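Please examine the sequence and the model before reading the points below.

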Amino acid sequence: LFRGKPKLVRISQNLFPILLVILLVRAFTFEAFRIPSASMKPSLLEGDVVVVDKYSLGLRMPLLGYRITAGKPKRGDIAVFRGEIEGEKSGIIKRIVGLPGDHIKYVNRTLYINGIPAAQYDLSVDLDNHGNGNQEKIIRATEDLGAVKHGIYMSLHGGDDQYKFADLIVPANSYFVLGDNRNNSLDSRYWGVLADKELVGKARLIAFSLDWSNKHIRWRRIGKLH
């Protein structure tokens, strides 16, 4: 079949099916995503690399983003969306707290879903270690979203900012998302809801974790997702 063809062409033809399979797997099933900021502390840290599951939330048409199979995110899911950060296209990873039709309100450090406050318990003062080596005292708590209970950070000193989207009804095919690090997260409180067509997938587990400040691997975090 390859007789008379240049060696480079033969190698390319052999590799093409393998590359095609890799591209299809990446497009439709799983993808790695590096956590770029501290907005999801304490659940996810800067330097974590998470495996994003695209399949369970419905397969998407590449480039267009429209769902072609069944699957919907649930309240409490940590999800990756397509978006922009400072004018540049980027992945956005946040926790989904508001589903289509929900009345979401965030006031006095408390999340209200359809008029019911999400309970916060196990409140304590903790230290947040920043990437530059500095430490900051914060309030650490567990927030109850019903099926999901997760850790959150809140500022020890400041209150709420003047959020532009702190009280709204989530439109159809959209989600209200928050960072777990509540006073250090640009999320739906600032720029509104995220469209379903921008949803990439659900964060499943931490595949790798590197502490950039100390240049060491966080072995205990690998394989976990809080």
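The points that follow describe selected salt bridges and the surroundings of their residues.

The model is predicted. It holds 12 salt bridges in total. Side chains of opposite charge can pair when their charged atoms come close.

**The pair R221 and D48**
- R221 and D48 form a salt bridge in which the closest N and O atoms are 2.7 Å apart.
- This pair links distant parts of the chain, as its two residues are 173 residues apart.
- D48 belongs to strand β2 (residues 48–53), whereas R221 is found in the segment after β15 (216–217).
- D48 has a relative accessible area of 0% and is therefore buried, since buried means under 20%.
- R221 is likewise buried, with a relative accessible area of 13%.
- A network of salt bridges links D48, R218 and R221.

**The pair D126 and R140**
- A salt bridge joins the side chains of D126 and R140, with an N to O distance of 3.5 Å.
- Because D126 lies in strand β8 (residues 120–129) and R140 in strand β9 (residues 135–144), the pair ties together parts that are 14 residues apart in sequence.
- D126 counts as partly exposed, at 28% relative accessibility.
- R140 is also partly exposed, and its relative accessible area is 32%.

**The pair D144 and K149**
- D144 forms a salt bridge with K149, and the closest N and O atoms of this pair are 3.8 Å apart.
- D144 has a relative accessibility of 23% and counts as partly exposed.

Conventions:
Residues numbered from 1 in each chain as written. Predicted model: local features only at pLDDT ≥ 70, side-chain atom pairs only at ≥ 80, totals over all residues. Heavy atoms only, no water. Salt bridge = Lys/Arg side-chain N within 4 Å of Asp/Glu carboxyl O. Helix = DSSP H or I, 4+ residues; strand = E, 2+ residues; numbered from the N terminus. Buried < 20%, exposed > 50% of the residue type's maximum accessible area, 1.4 Å probe, protein only.
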